[in-house]
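Q: Hi! I have this model open on my screen and would like to talk it through. Can you help me find my way around?

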Amino acid sequence: METSEDLSQAIPAPVRTTAGDGPCGRGRDAALIGRDPLLVAHTSRRLAHRPEAVGHARRIAQSVLDAWGIDDDAAHSVLLVVSELVTNAVEHAQPPLALHLYRENTGLRVWVGLTDGGPSARAGAWTSSCAHDEHGRGLTIIEALAAAHGADSHAGGTTHWARLPVVQGAR
């Protein structure tokens, strides 16, 4: 796991929030998470900017959720959101990519973030090769599962995020 100092370099300070609130509350820099007593665990991992990143991100998230003792139903929702965020970044954004997971002590929630290098000028290979009705459901899925979601723009790109309620229990 990265320290809060490593994390502050991995996530540039957000400029604005487009929906909901960020990991530490509206308008607060994600780099403060490591210092926030309401947050008890976090991890950030860089991902390759290619389709295989989706599976890699799911394996990382599953391992972290297992370590945190998150129940299977909640873990499934978090993994689905991770998949959607990474897929969208690979298809519609520039590198680099980084996955961020935070477990909040208060309210038992997990904050999932995916930082990318900002919008790409071209659609990814999958998006441009499929019919219109075969894609475009990611945001709807995230809206259905998350208590809040949004995107923070910053000098290095964009962090798309979602906050999900979770239950800790026997796995």
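A: Happy to! Let's start with a pair of strands: strand 4 and strand 6 run antiparallel and are joined by eight bridges. Within that pairing, W111 stands opposite R163 in strand 6. Do keep in mind that this is a predicted model.

Q: Thanks. How many helices and strands are there in the protein?

A: The protein has five helices and six strands. Reading from the N terminus, the order of elements is α-β-β-α-α-β-β-α-α-β-β.

Q: And how much of the protein is buried?

A: Of the 171 residues, 47% are buried. As for contacts with a separation of 6 or more, 69% are between residues 24 or more positions apart.

Q: Back to strand 4. What else does strand 4 pair with?

A: Strand 4, residues 109–116, also runs antiparallel to strand 3, with seven bridges joining the two. Two partners to click on are V112, which bridges to L101, and T115, which bridges to A98.

Q: Are strands 3 and 4 mostly covered or mostly open?

A: Mostly covered, in both cases. For strand 3, residues 97–104, eight of eight residues are buried, and for strand 4 the count is seven of eight.

Q: Which way do the residues of strand 3 point?

A: L97, L99, L101 and R103 point one way, while A98, H100, Y102 and E104 point the other way. Both sets are buried, including R103 and E104. In a regular strand, side chains alternate between the two faces of the sheet.

Q: Let's switch to the core. How many residues are in the largest nonpolar core?

A: It has 33 residues, and L47, V82, V86, L99 and V112 are the ones with the most contacts inside it. Strand 2 (39–47), helix 2 (53–68), helix 3, strand 3, strand 4 and strand 6 each supply at least two residues of this core. Helix 3 gives the most, with 10 residues.

Q: What does V82 touch?

A: Leaving out neighbours within four places in sequence, V82 is in contact with A57, R58, A61, L99, L101 and V112.

Q: How far is I60 from L79?

A: Their C-alpha atoms are separated by 9.7 Å, and the two residues are 19 residues apart along the chain.

Q: Now pockets. What is the volume of the largest pocket, and which residues lie nearest its centre?

A: The volume of the largest pocket is about 350 Å³. Its lining has 17 residues, with L85, N88, L139, A151 and H160 nearest the centre. Helix 3 (72–92), helix 5 (138–145), strand 5 (148–154) and strand 6 (157–165) are the elements that give two or more residues to this lining. The largest share, four residues, comes from helix 3.

Q: How do the lining residues divide into nonpolar, polar and charged?

A: There are eight nonpolar, eight polar and one charged.

Q: Last one: why is strand 5 described as largely enclosed?

A: Strand 5 is largely enclosed by the rest of the structure because six of its seven residues are buried. Strand 5 pairs with strand 6 in the antiparallel sense over seven bridges, and a hairpin of two residues joins them.

Terms used:
Residues are numbered from 1 along each chain as its sequence is written. This is a predicted model: local features need pLDDT of at least 70, side-chain atom pairs count only at pLDDT 80 or more; totals for chains, interfaces and linings use all residues. Side-chain values use heavy atoms; hydrogens and water are left out. Buried means under 20% relative accessible area, exposed over 50%, partly exposed in between (1.4 Å probe, protein chains only). Two strands pair if DSSP finds at least two bridges between them. On a 1 Å grid over the protein atoms alone, a cavity is a set of points where a 1.4 Å probe fits but cannot get out, and a pocket is an open set with protein on both sides within 12 Å along at least five of seven lines; lining residues have an atom within 4 Å of a point. Grid points are joined across faces, edges and corners, and a volume is the space filled by probe spheres set on the points. Ala, Val, Leu, Ile, Met, Phe, Trp, Tyr, Cys and Pro count as nonpolar, Asp, Glu, Lys and Arg as charged, and the others, Gly among them, as polar. A nonpolar core is a set of buried Ala, Val, Leu, Ile, Met, Phe, Trp, Tyr and Cys residues joined through side-chain atoms within 4.5 Å. Contact means heavy atoms within 4.5 Å.
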